[in-house]
Amino acid sequence: MPPADNPSNQPAAADLPPTAAAASFAWRDAMFDPEQFRASGQALVALLAKQLSHDLAGEGQPLNWQPPQLAEQAWLQPMPEQPELNADTLLSWLSQQVIPANLAVHHPHSMGHQLAPPLPLAALCDLVASLANQAMPVYETGPAATLIERQVIRWLSGLLGWHSDSGSAGILTSGGAQANLTALLAARQHGVDVWRSGVKHAPQLRILTSSLAHYSISRAAGIMGLGTDAVLAVAVDAQGRMDMADLARLHASCLQHGEIVMAVVASAGCTATGSIDPLQDIAAFCQAQQLWLHVDGAHGASALLSTQHAHKLQGIALADSVTWDGHKLLYMPAAVSAVLFREARHSYLAFAQDASYLFHGEDAALDYNTSYRTLECTKRMMGLKLLAAFKLYGRQGMAQLLDHVFALASSFADALAQAPDFELLMRPQTNIVCFRYRTDAAQSNRLQSWLRLQLLQGGDYHLSQVEISGTLWLRCTLMNPYTELKHLQGLLERIRTRTRSAEENG
């Protein structure tokens, strides 16, 4: 029989008197003390609830800006050899140094990026997932986690118009970039078998996607060894939607040069403007040309929850694969994304690996082993917070969150259209609004960038910027259900005030 592990070289507990045996493991009991966990957990939730109430009320600022080079100085410390904190001082440290340095995503003036102010009870489910710490490469290492994820995938697939009896499947991943990569790996393998021999033996592969597509598409091409030049940008119309004539032109050019289009990637809520490509027309084109259609619905797929907005995604059910982010308009803590496949067999194309210590060919539960279909081996119990949110609020309740921010974006666009000193890029199709302060054309880009920086550094509002065809636009991503039109009108007035002040001071 092999000797028991004793890495500390301490006497075995059985060889010690009872009191000594207990003392030898006091460090262990202190680190895993359930009572300390309970007391600290209650205090931490009280602290976070107070901060949540503060942020939702719009108190304070969304961001206490410091240049990163300066802010980092407070964190340049040697690793402690001995404890510096106890349970009580940990809470004090969190409240004084960590929380104030965060971007307050629940603040109604936080509207910079596509990151949700997460549902508080979903965050509690993340605590459950963290402590349970299910690894999930195979069913036995996360039984409940696996079944929860499969249920979430069934629900999302059903919203797409797919159903389990038609053979759809999917997996949850740590973010939309990984979901897009997984889908494109499957698309590549569907067209050309490169898993063992590599891309060097394959013909030139191309990906056709909108010029406004997320950068993760070109990054995926680079990761796959195709090179970012393999991604050909399709022109967009005035509403930021893929131009069908240019798509057909690029496809014909690829055929003429003996190149294989491994996938067409459509955007359902592109990052820059929130525009939704003409999915029905693109799907018809892909079917006629026998092309794999992937829809990057990381941002906009959640519109399928809404009876008001689901029609905007007409045609998405014809896609071969879809990416859908939970940490955007499903209001989940980051990160949780789904990559969904219309045909279950395609979900196994991305990866093909052997690992006898995990995968057992005689196992009747092979379909329940997530590692066959995902880049990750160990991954967290991502599905719990999504499952709980739908059980807590239902589809209709979750849709209310999306309906609010979509309606707010429309109202904000109306206000901008009526303001003579502002210019609207386009009517919002989702919850993203791009606009700029009117000024001399030669100075316009410089002014928009300066205004955003002033708002950021002043801590007034957190918004972003985007460049479209050489023109810089201010960009609001309205994610917070506590953001109202009065907050946005205040933003416009703050921009006016700062611009006038700059003009007066030369």
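**Reading features in a predicted model**

Reader: What is the relative accessible area of arginine 438, and how is the value read?

Author: Under 20% would be buried and over 50% exposed, with partly exposed in between. Arginine 438 has a relative accessible area of 44%, so it is partly exposed. The model is predicted, and the values below are computed from it.

Reader: With which residue does arginine 438 form a salt bridge?

Author: The idea is a side-chain nitrogen of Lys or Arg within 4 Å of a carboxyl oxygen of Asp or Glu. For arginine 438 the partner is glutamate 423, and their closest N and O atoms are 4.0 Å apart. The arginine lies in the loop between β9 and α13, the glutamate in strand β8, so the pair ties together parts that are 15 residues apart in sequence. Glutamate 423 is partly exposed as well, at 22%. Elsewhere, salt bridges with shared partners join Asp421, Glu493, Arg496 and Arg500 into one network.

Reader: How many salt bridges does a search of the whole structure find?

Author: It finds 22. One of them pairs lysine 385 with aspartate 126, with 3.2 Å between the closest N and O atoms. Here the lysine belongs to helix α12 and the aspartate to helix α6, so parts 259 residues apart in sequence are tied together. Both lysine 385 and aspartate 126 are buried. In another salt bridge, aspartate 325 meets lysine 328 at 2.4 Å, N to O. Aspartate 325 is buried, with a relative accessible area of 1%, and lysine 328 is also buried, at 12%.

Reader: Which residues form a nonpolar patch on the surface?

Author: A patch takes in residues with over 30% relative accessible area. Here the members are Phe37, Val45, Leu121, Leu124, Leu127, Leu131, Leu392 and Tyr393, and together they have about 740 Å² of accessible area. Two or more residues come from each of α3, α6 and α12. The largest share, 4 residues, is from α6. Tyrosine 393 sits in helix α12, and its relative accessible area of 35% makes it partly exposed.

Reader: Where is serine 464, and which residues is it in contact with?

Author: Serine 464 is in strand β10. At a relative accessible area of 4%, it is buried. Leaving aside neighbours within four places in sequence, its contacts are Gly112, His113, Arg452, Trp473, Leu474 and Arg475. Serine 464 and glycine 112 are 352 residues apart along the chain, yet their C-alpha atoms are separated by 4.7 Å. The serine side chain also reaches the backbone oxygen of glycine 112 at 2.7 Å.

Reader: What does the side chain of aspartate 246 reach?

Author: Aspartate 246, in helix α10, is buried at 12% relative accessibility. Its side chain reaches the backbone nitrogen of alanine 235 at 2.8 Å. A polar contact of 2.7 Å also joins the side chains of aspartate 246 and arginine 249. Not counting residues up to four places away in sequence, aspartate 246 touches Ala233, Val234 and Ala235.

Notes: Residues numbered from 1 in each chain as written. Predicted model: local features only at pLDDT ≥ 70, side-chain atom pairs only at ≥ 80, totals over all residues. Heavy atoms only, no water. Patch = residues over 30% accessible without salt bridge, like charges linked within 9 Å, V, L, I, M, F, W, Y side chains within 5 Å. Areas by Shrake-Rupley, 256 points an atom, 1.4 Å probe, with all protein chains shown as cover. Buried < 20%, exposed > 50% of the residue type's maximum accessible area, 1.4 Å probe, protein only. Contact = heavy atoms within 4.5 Å. Polar contact = N/O pair within 3.5 Å; in protein donor to acceptor, adjacent residues only side chain to side chain.
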